[in-house]
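User: I'm new to reading protein structures. Could you walk me through a few features, step by step?

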Amino acid sequence: MSWGMQEPWVAYYAEHVDALRGAVERILAEHALDGVWIYAGDPHKKSEFDDQDWPLCPTPHFQHFTPLRWPGSAIFIVPGAPAKLVRVATSSFWEAAPAALADAYFAPFDVIDVKGAPEAPTVAREHAPRGRVAFIGATEATAQHWGAHVHNPPDLLARLDQVRTRKSAYEQACLAEANRRAAKGHLALAEAYAGGDASELELHLLYLRATEQDDAQTPYKNIVAKGRHAATLHHVDYARESAPAPSLLVDAGATCNGYHSDITRTWVKGEGAAAQGFRELIRRVEALQQEMCRRAVPGVPYEDLHDQAHELLAPVLRDVGLARGSDEELIARGVTRKFFPHGLGHALGVQTHDVGCRVDDPRPENA
């Protein structure tokens, strides 16, 4: 797998940043703001009793602009001026520096290099305009340190989230690559499960190897569940015993430039009645999924698709013997919701549960 700059999404990156900068400038005008700092974030300790930090999870609005994952960095948008990137690079024999990015990711910005995070606010204020400046991310104390006047204003955040609901060509390419990487992992686990009795931990490690990512790079903790463990939808306490199991559920993704994929698949073994019945259920649900993909076209409200999915699920549950009643009865009595608690799905982006499906509130029964 190549993760280099020859990949296709790079060709769209400068256009993505330019369009995003223009959108943010218009939002600033709407809110009578003279500029906005968009902060990458700071390391967070795993415990107040320990000295270890979690890997940085960048502020999504920062990640929307750049895949840079350097703590203490920030982007500054001022109407009518190029976007500025305060790039904080550190050198330490305790911790390796985050991976560097190729020049193409910095070309759309006026880059301000800072040697250490404590110096960043001082250097940054020298480049900030006078006037009312907002700060996105971190704490109010951090915002004040950077010379901002407004910290995480909800109306501004809402408008920035609206921009994130429509994906640029760059974002679409990153999401496609994230899904391609994840698909390699799922296919590797399907083959391993069909050919042996590897433990859940072994399958988890195989997924990481197949997708060429560290555990910290996955968009969420991989869910690898054999047999009855799949009854817990977020099973991440991997069993270490190699033992046969009639089924395997894998819910796992991959990332590309901070963009996430999220794929769930179930496989079954055996030739008995139970195995054949479960195999038929999987076949029917996968056919339902493909039909919903065909129906997902521009202009169709997402909640309408969610309702249609329940209509298609009802006969599946009845035909495989999991429920009794007409389609209308199974939907009205909430039976389909018992088997479909997570709903049809969610938007993807720089967050696994991205903002696309949260802009409009659903009906209470679909919340």
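**Sheet and rings**

Analyst: Happy to! Keep in mind that this is a predicted model.

User: What joins β7 to β8, and how do they run?

Analyst: Here's the general idea: strands of a sheet pair through backbone hydrogen bonds, either parallel or antiparallel. In this case, β7 and β8 (residues 247-252) run antiparallel, joined by four bridges. They belong to an open sheet of three strands, in the order β7-β8-β11. Its edge strands, β7 (223-226) and β11 (263-268), each pair on one side only. From one strand to the next, the twist averages 10 degrees.

User: Which helices pack against β8 and β11?

Analyst: Helix α6 (residues 169-195) lies across both, at about 15 degrees to β11. Helix α8 (residues 273-295) touches β8 and β11 too, and its direction makes about 150 degrees with that of β11.

User: How many aromatic pairs are there?

Analyst: A search of the whole structure turns up eight. Take Trp37 and Trp146: their ring planes are at 70 degrees, and over 60 counts as edge-to-face, so that's what this pair is. The ring centres are 5.0 Å apart.

User: Why does the pair of Trp37 and Trp146 tie parts of the chain together?

Analyst: Because Trp37 lies in strand β1 and Trp146 in the loop between α4 and β6, the pair ties together parts 109 residues apart in sequence.

User: Are Trp37 and Trp146 buried or exposed?

Analyst: Both are buried. Ring pairs also link Trp37 and Trp146 with Tyr39, Phe76 and Phe135 into a cluster.

Note on methods: Residues numbered from 1 in each chain as written. Predicted model: local features only at pLDDT ≥ 70, side-chain atom pairs only at ≥ 80, totals over all residues. Heavy atoms only, no water. Pairing = 2+ DSSP bridges. Helix = DSSP H or I, 4+ residues; strand = E, 2+ residues; numbered from the N terminus. Axes fitted to C-alpha atoms, helices over the stretch in contact; angles between N-to-C directions. Contact = heavy atoms within 4.5 Å. Phe/Tyr/Trp six-rings, centres within 6.5 Å; stacked < 30°, edge-to-face > 60°. Buried < 20%, exposed > 50% of the residue type's maximum accessible area, 1.4 Å probe, protein only.
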